[in-house]
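Trainee: I have a new chain to read. Please show me where to begin.

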Amino acid sequence: MMVNYLAARHYARADWTAAGLYQSTGYTVDEFINNPDLLIDIIVPEDKDIWAELHRDVVAIPQRHNIQFRIRRRDGQIRWLEHVCQPVTDEHGQFLGYRA
């Protein structure tokens, strides 16, 4: 699954999604666009802290981050995902967000 999150300070939003999103989650790209919290909603309760910690870290430490966590697909199956994000900067080195 590829989702590009642009995080600037304390703000993150899904900016782009790949077609493989449906295969991984059972949800369509439009469902993720229409519900920005959908990814958080489908993370299994035991792994929500992993996602929350990542979001604290990306704000505090603009560097490459890598986590693994589980989601519950629409059909109820549990799937492991790996999320990798790295900082995006402009031509002057100004931090713009993350590509994931």
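We go from the overall fold to the hairpin and then the core.

Mentor: This is a predicted model, where local features need pLDDT of at least 70, side-chain atom pairs count only at pLDDT 80 or more, and totals for chains, interfaces and linings use all residues. Residues are numbered from 1 along each chain as its sequence is written, and side-chain values use heavy atoms, with hydrogens and water left out.

Trainee: How many helices and strands does the chain have?

Mentor: Helices (H or I, at least four residues) and strands (E, at least two) are DSSP runs, numbered from the N terminus. Here there are 4 helices and 5 strands. Their order along the sequence is β-β-α-α-α-α-β-β-β.

Trainee: How do strands S4 and S5 pair?

Mentor: Two strands pair if DSSP finds at least two bridges between them. S4 (residues 78-89) and S5 (residues 95-99) are antiparallel, with 4 bridges. Val 88 is bridged to Gly 97 in S5. The two strands make a hairpin with 5 residues between them. In its turn, Gly 93 has a positive phi of about 85 degrees.

Trainee: Which residues have the most contacts inside the largest nonpolar core?

Mentor: Nonpolar side chains tend to be buried together in soluble globular proteins. A nonpolar core is a set of buried (under 20% relative accessible area, 1.4 Å probe, protein chains only) Ala, Val, Leu, Ile, Met, Phe, Trp, Tyr and Cys residues joined through side-chain atoms within 4.5 Å. The largest here has 17 residues, and Phe 32, Leu 39, Ile 42, Trp 51, Phe 69 and Ile 71 have the most contacts inside it. Helix H3 (38-42), helix H4 (48-60), strand S3 (65-72) and S4 each supply at least two of its residues.

Note on methods
Buried means under 20% relative accessible area, exposed over 50%, partly exposed in between (1.4 Å probe, protein chains only).
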